[in-house]
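Dear colleague,

Please find below the structure that I am handing over to you, followed by an account of what was found in it.

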Amino acid sequence: MASAIQRAKSVFLLSALALLLCAAGISAQTTPTCHSMVPGQEGSLSGFVPFSSSLWNKDISTAAVDPNSTAIINFIGTSKPLHPDFGSGTYDGSSIGIPYIVTSGSQPNVVIHYTDYPDESDPQPMPIPSSAPIEGYPAPGSGDRHVLVLNQGTCWLYELYNAYLNPDGTWNASNAAVWDLTTAGRRPYGWTSADAAGLSILAGLVRYDEVAAGKISHALRFTLQNSRAAFTPPATHWAANSSNPLAAPMGMRLRLKSSVDISSFSAANRVILTALKTYGMVMADNGSSMFLSGTPDSRWNNDDLHELNQLTAADFEVVKMSSVSTTIPSGAAPSITSFKSSASSVAKGTKVTFTWAAINKSYLHLSPIGMVRGSSTTYVVNATTTFTLTATGPYGTTSSSITVTAH
């Protein structure tokens, strides 16, 4: 009985404290959401952690070392320095790093013209603003030309590869991938993304807002010169350029050894190095070996970042890979079991409700509306339109269409 009374007193005191804080204009601390993000280029995510339930955010500081770790590191080259592929200012006229922009929920959709991988791209249109920075701005050149757009209002992330803005506001892109920031975020097996590994680029970037806040809560993205025809989670795709069995599969994770002393590094670099000890870095694409990806930002201290070059591949170990796919996994494709509209013929300007049900799906797109969640949405029909619902899951996509006539 005494413990019950004590618990009741505790609840009363906590409630009273909450009321006092509220009266003082101080709200109780809550977990940041995507709605906390600050709109603008390199806008702060304000503590929000995308894909919080994914492998990107898994603490692997005590995970087992892969049996082939030493051989793989030797293949990479033990003397290869860790290179921060991001910073402030420009190099040969181009910004240093992969930029992103945070937009509001009212950002309008535009058409994306796919030039290379339409079968491995998500349906368009997408809310990509003409102001979205292209990797390498102000002189993107012929590089990867990534475009990353986070929508604060809808919690969707859009990533384009080899993107070019057209005069009419539409975009050309080799491919595009859409990510639900509130889930674990996985592409269908065998599908590329804006990254060769089928991964989200944003998920693994070193961002200034995190470093300034003193903590990075996810693995980081890096590249290696050689990769083989295989992937390991969280990757879903490979882009092999080597047949050597010691070449990395996409998704392989390196971890900074716990024995490496980081105390002499700056506070900012210790944040990055602590993340590399806690979450590691994920092989995401072919490129220069041991290049670590981050965002361009005028607040980076390039001289300080270059101190990371003191570390080499020999300071890292390969985290044990429990599952490596050398063939594309197969399974049940999504199934749309129901797709209906509240009317098939309406007067222009009428609001129509669409309802649906689907299984084996990860996310849904309803063209021309965009990404949707739940089981229904409404739309004002101003012209005769064909609405196409596309369900995407681990093993591909399925689509169903309805035409609503406007008169």
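To begin with a charge and a ring, the charged end of Arg187 sits over the ring of Trp179, 5.9 Å from its centre. A charge is taken to sit over a ring if NZ of Lys or CZ of Arg is within 6 Å of the ring centre and within 35 degrees of the ring normal. Arg145 likewise lies over the face of Tyr164, at 3.6 Å from the ring centre.

Please note that this is a predicted model, in which local features need pLDDT of at least 70 and side-chain atom pairs count only at pLDDT 80 or more, while totals for chains, interfaces and linings use all residues. Residues are numbered from 1 along each chain as its sequence is written, and side-chain values use heavy atoms, with hydrogens and water left out.

Arg187 also belongs to the surroundings of Thr192. Leaving aside neighbours within four places in sequence, Thr192 is in contact (heavy atoms within 4.5 Å) with Glu120, Asn175, Arg187, Gly198 and His237. Thr192 lies in the loop between β11 (175-180) and α3 (208-213); helices (H or I, at least four residues) and strands (E, at least two) are DSSP runs, numbered from the N terminus. Thr192 counts as buried because its relative accessibility is 9%, where buried means under 20% relative accessible area, exposed over 50% and partly exposed in between (1.4 Å probe, protein chains only). The side chain of Thr192 reaches the backbone oxygen of Asp195 at 3.2 Å.

Aromatic rings

Rings of Phe, Tyr and Trp (its six-membered ring) are paired if their centres lie within 6.5 Å; planes under 30 degrees apart count as stacked, over 60 as edge-to-face and the rest as tilted. By this rule the count comes to nine aromatic pairs. One of them is the tilted pair of Phe231 and Trp238, with 5.7 Å from centre to centre and 35° between the planes. Phe231 is buried, at 2% relative accessibility, whereas Trp238 is partly exposed, at 23%.

In helix α2 (residues 69-76), the buried residues include Ser69, Ile72, Ile73 and Ile76. They lie on the same side of α2, because they cover an arc of only 100° around the axis; the arc is that of the directions from the helix axis to the C-beta atoms. Their cover includes β12 (220-224), β15 (253-256) and β18 (316-318). After α2 comes Gly77, with a positive phi near 115°.

Glu317 is found in strand β18 and is buried, with a relative accessible area of 16%. Not counting residues up to four places away in sequence, Glu317 touches Val65, Ser69, Arg253, Leu254, Arg255 and Lys257. Glu317 and Asn68 are 249 residues apart in sequence, yet 9.6 Å apart in space, C-alpha to C-alpha.

Strand pairing

Two strands pair if DSSP finds at least two bridges between them. Strand β16 (residues 281-286) is largely enclosed by the rest of the structure, because five of its six residues are buried. β12 and β16 pair in the parallel sense over five bridges, while β15 and β16 pair in the antiparallel sense over two bridges. Val282 in β16 is the bridge partner of Arg221 and also of Arg253.

An open sheet of five strands, with mixed pairing, has the order β20-β26-β25-β22-β23. β20 (345-346) and β23 (370-372) stand at the edges, each with a single partner strand, so one side of each is left without a neighbour in the sheet. Within this sheet, β22 (residues 363-367) and β25 (residues 385-393) pair in the antiparallel sense over five bridges, and Ser367 has Thr388 in β25 as its bridge partner.

Backbone geometry

A cis peptide bond joins Tyr137 and Pro138, with omega about 0°; another joins Pro233 and Pro234, with omega about 10°. Cys155, although not a glycine, has a positive phi near 65°. Cys155 is found in the loop between β7 (147-151) and β8 (156-161), and is buried at 6% relative accessibility. Asn360, also not a glycine, has a positive phi of about 55° and is partly exposed, with a relative accessible area of 39%.

With kind regards

Key. Polar contact = N/O pair within 3.5 Å; in protein donor to acceptor, adjacent residues only side chain to side chain.
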